[in-house]
Amino acid sequence: MEKLKSKFIGSLVGLALGDFLGAGGRRYTDDTAMMIGVAESLIESKGFNGENMAHIFVKNYENEPFRGYGPGPPRIFRMIKFGRKWNESLDKEFYPPDGSFGNGAAMRIAPVGLLYYDDLVKLREVAHRSSRITHSHPLGIEGAALEAYAVALAVKNEPKELDRYEFLKKLGDFVEVDLYREKLEVMKKLLKEGAGKAKVVRELGNGVEAFNSVPIAIYSFLANSSFETTLDYALNVSYGGDRDTISAMTSAIAGACYGIEDIPREWSDKLENKDYIVVLAEKLWETYLEVGSCHGGKAK
Ligand SMILES: [Mg+2]
């Protein structure tokens with residue numbers, strides 16, 4: 001299979017699989033449901049359209065309200081349904097004063113990292129704007145941008161040539177919030193010393209806040225060297241924390257690096273709606289070839 005296509009499919013199937021296994025292996029949850037919404041909207045609009053994405057979120061939520069959504073999004077969806085604009089900082093009304101810094105924007109961001117993997121300016125812009133539909137706190141938004149960029153870097157890197165310290169350095173150059181830059185420094189130290197899992201959890205966190213989950217997801221990817229060991233590691237360090245989301249964010253990065261061929265079939269064959277997620281990833285890849293590449297034209 002074409003390498004880039006395999007990476008797109010690996011990332012979205014990976015995300016869903018991490019969510020699915022992290023949630024107990026019966027159903028995937030809101031992480032995958034909302035990632036599907038992001039991908040559907042990027043494909044349908046050939047790029048970002050906030051109004052369209054917000055309404056797809058609402059439609060998907062109404063079709064499948066049982067996906068384990070947190071308390072915030074359904075309230076936002078109701079406001080949008082009754083006419084509120086997508087970028088009116090809705091979450092500030094119930095997470096005052098600055099909105100939510102949970103990982104709800106980061107958990108679904110992988111399609112943005114894929115579509116704009118070679119256009120950093122656009123990646124940041126769309127990561128921020130798509131996050132704003134549900135999250136307006138700078139830490140929630142920056143966490144999503146960081147996760148998107150980690151997915152993008154994973155697309156660009158071949159597993160055998162992956163330089164983990166260079167990967168961290170690039171993330172550090174990209175990120176605009178000190179708290180994340182500090183966590184990237186901690187990750188460098190933990191990698192160097194080959195820290196045990198308990199220490200990793202203690203220093204990076206494994207909770208629902210974006211800054212306590214995006215870093216450990218990136219770290220789980222960097223501390224391993226195959227899709228299988230990466231997801232296994234993520235399921236381990238997120239135990240007792242935000243397991244489905246951390247495993248989803250980790251596997252989205254790992255899948256983007258290793259490609260679909262490296263995801264064990266005995267795992268992916270059990271995944272709910274796998275065929276649809278594969279089709280969606282293929283369409284996102286086609287959208288990239290059409291509009292997503294750096295110079296606006298066909299990719300080479
Ligand atoms: Mg979830």
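Helices (H or I, at least four residues) and strands (E, at least two) are DSSP runs, numbered from the N terminus. This is a predicted model; local features need pLDDT of at least 70, side-chain atom pairs count only at pLDDT 80 or more, and totals for chains, interfaces and linings use all residues. Residues are numbered from 1 along each chain as its sequence is written.

**View 1. K183 sits in helix α9 (residues 178-193).** K183 counts as buried because it has 25 C-beta neighbours inside 10 Å (buried: 20 or more other C-beta atoms within 10 Å; exposed: 12 or fewer; partly exposed: in between; C-beta atoms are placed from the backbone).

**View 2. K183 touches L204, F211 and P215, leaving aside residues up to four places away in sequence.** Contact means C-beta atoms, placed from the backbone, within 7 Å. K183 and P215 are 32 residues apart along the chain, yet their C-alpha atoms are separated by 6.7 Å.

**View 3. Helix α9 packs with helix α11 (residues 214-222), their axes coming within 11 Å and crossing at roughly 30 degrees.** Axes are lines fitted to C-alpha atoms, for helices over the stretch in contact; angles run from 0 to 180 degrees between N-to-C directions. That angle makes α9 roughly parallel to α11 (under 35 degrees; over 145 is roughly antiparallel, 65 to 115 roughly perpendicular, the rest oblique).

**View 4. K183, M187, L190 and L191 of α9 meet P215, I218, Y219 and L222 of α11.** By class, this contact has seven nonpolar, no polar and one charged residues. Nonpolar covers Ala, Val, Leu, Ile, Met, Phe, Trp, Tyr, Cys and Pro; charged covers Asp, Glu, Lys and Arg; the others, Gly among them, are polar.

Conventions:
Two residues are in contact if their C-beta atoms, placed from the backbone, lie within 7 Å.
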